[in-house]
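This report covers the arrangement of strands and helices in one model. Please view the sequence and structure below before reading on.

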Amino acid sequence: PPPPPPAAVAAKTGLPTPSWVFCMGAFKTKAKAESEAAKYRKKGLVDAGVLWIPDYASLSEAQMYLVHAGTHPFSDKAGAKAQLKKVQKVRKKAYGLKLDTTGPRVSL
């Protein structure tokens, strides 16, 4: 089936599309992902949250929950890179991807 319109996904998740999302890790259960997100919030990443990967065509079709450290406007790539550096002080392996309901995977 075609992906839902961006406004529908944003309304469901509260995350704007397109945007950059800071990826921290993926987990099979929502409970485990929520627990990890809570740990990152306690470490100062106040925007840490969880999303269902298949909701976004630009990620992958992995049936997993992504723990993320928030989003950044897609039009501000330099700002997103600066924010990623801050996130990587908490989780060295963090990386940025385009968060969108369509399109190919784009890395920051």
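## Sheet

In what order do the 4 strands of the open sheet stand? The model, which is predicted, shows the order 2-3-1-4, and the pairing is antiparallel. Strand 2 (49-52) and strand 4 are the edge strands; each has a single partner strand, so one side of each has no neighbour in the sheet. On average, neighbouring strands are turned by 50° against each other, with direction ignored.

Strand 1 pairs with strand 4 in the antiparallel sense over 5 bridges. Within this region, V21 lies opposite L97 of strand 4.

## Helices on the sheet

Two helices are described here. Helix 2 (residues 30-42) packs on the sheet and touches strand 1, strand 2 and strand 3. The direction of helix 2 makes about 45° with that of strand 3. Helix 3 also packs on the sheet, in contact with strand 1, strand 3 and strand 4. Its direction makes about 30° with that of strand 1.

## Helix 3 in detail

Helix 3 (residues 77-90) has 14 residues, which at 1.5 Å a residue should span 20 Å; the end C-alpha atoms are 20 Å apart, in agreement with this.

Which residues of helix 3 are buried? They are G79, A80, L84 and V87. Seen down the helix axis, the buried residues fall within an arc of 140°, so they line one face of helix 3. They pack against strand 1 (19-27), strand 3 (65-73) and strand 4 (95-99). On the face turned away from the buried side, helix 3 carries the exposed residues A78, K85, K86 and K89.

Technical notes:
Residues numbered from 1 in each chain as written. Predicted model: local features only at pLDDT ≥ 70, side-chain atom pairs only at ≥ 80, totals over all residues. Heavy atoms only, no water. Expected span 1.5 Å × (residues − 1). Buried < 20%, exposed > 50% of the residue type's maximum accessible area, 1.4 Å probe, protein only. Arc of directions from axis to C-beta. Contact = heavy atoms within 4.5 Å. Pairing = 2+ DSSP bridges. Axes fitted to C-alpha atoms, helices over the stretch in contact; angles between N-to-C directions.
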